[in-house]
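I opened this structure to look up charged side-chain pairs and one packing of helices. My notes follow.

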Amino acid sequence: MTPSLIPSLNWLRVFEAAARNQSFARAGKELNMSSAAVSQQVLALETHLGRPLFERTANRITLTLDGADFLPTVQVSLGSIESKAQAMFGRQRVEKVTLLASQLMSMSWLPKVLAAFEAENPSIQVGLLMDGSQRNAEPDLIIRFGEEPHLVRHPMWLMRLSHVVMCRREELASIHSLEDILSFKLFDVVSHAMGWTALLNHNFGAMQGRNLRLEVVDTTPLALMMVSQGLGLAIGHLPVCGPLGASLGLEVCPLVAKTPGPGNYYLEQPAGRAQRPAVLRLERALQDAAQASMRAI
């Protein structure tokens, strides 16, 4: 059987680089090889084909007529192989989906959930926008919060809340009674219907005549950060604030039971926009993660 004249792909790659650079040394730098290794590869190709491809002198190399005739075919072949490899094995196209959420959601519950989603869906990248910040892109999906009871029947309902008292780990052992709680400064979030008065009334009866050292703050993340600095206690909302509380070294005070209260998260899609499959996949993943989080508390 006649030996095949089809040479090694590596030989062709080295030959093309040497011919294009008109130098074994420059080709070696491009290919991360020594000049001698390039020369040996070219010699192996010439031996295989039975023809010299270069005229060699002390200071330069030039293509022979056969080498000059062979070069365009090699270049076209290598280009075709490279293009096909890129099409078949190149980096997968990544589709971007933009999600808008509140500060608490963005800082606490969402990061780990979105990281898991992207790991399971490498072709989708989620851009997270925080509500109230400047943004250049319109979101594909929005997580809203509302305190209306009927939201639990919303077709894209996401998560209910349980209200708890958050404190530092080192203070946990010293809180045994209502009086112990009232000895702390109590951070209240101005926008929440379930504040300290409502929570303590629900768990301990009417607070009339009791002195509550309330301090109003703008957001739950700010309240939790104040607690982490030993400045008082705050109301947390599980499961959404769980990851942020844990990262700040906070614990749920067991003296106050987990109290369901007003407040539900739900998903909303921009009106008049046909949603892409990637957005619907994110929507389902968020709902599944929310269900798992609520079961875990």
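I began with Arg 56, which counts as partly exposed because its relative accessibility is 39% (buried means under 20% relative accessible area, exposed over 50%, partly exposed in between, with a 1.4 Å probe and protein chains only). I note that this is a predicted model, in which local features need pLDDT of at least 70, side-chain atom pairs count only at pLDDT 80 or more, and totals for chains, interfaces and linings use all residues. Residues are numbered from 1 along each chain as its sequence is written, and side-chain values use heavy atoms, with hydrogens and water left out.

Next I looked up the partner of Arg 56. I found a salt bridge to Glu 46, with the closest N and O atoms 2.8 Å apart (the rule asks for a side-chain nitrogen of Lys or Arg within 4 Å of a carboxyl oxygen of Asp or Glu). This pair links distant parts of the chain, 10 residues apart: Glu 46 lies in helix 3 (residues 35-49) and Arg 56 in strand 1 (residues 54-56). Helices (H or I, at least four residues) and strands (E, at least two) are DSSP runs, numbered from the N terminus. Glu 46 is buried, at 7% relative accessibility.

How many salt bridges are there by this rule? I noted a count of 11.

I then checked Arg 169, whose side chain meets that of Glu 251 in a salt bridge of 2.9 Å, N to O. Here too distant parts of the chain are linked, with Arg 169 in helix 6 (residues 169-172) and Glu 251 in strand 10 (residues 250-252), 82 residues apart. Arg 169 is partly exposed at 45%, and Glu 251 is partly exposed at 29%.

Glu 170 pairs with Arg 168 in a salt bridge, the closest N and O atoms being 3.2 Å apart. Glu 170 is exposed, at 56% relative accessibility, whereas Arg 168 is partly exposed at 21%.

Last, I turned to a network of salt bridges that links Glu 16, Arg 20 and Glu 30. Arg 20 of helix 1 and Glu 30 of helix 2 are also among the residues where these helices meet (contact means heavy atoms within 4.5 Å). Others there include Val 14 and Ala 17 in helix 1, and Phe 24 and Leu 31 in helix 2.
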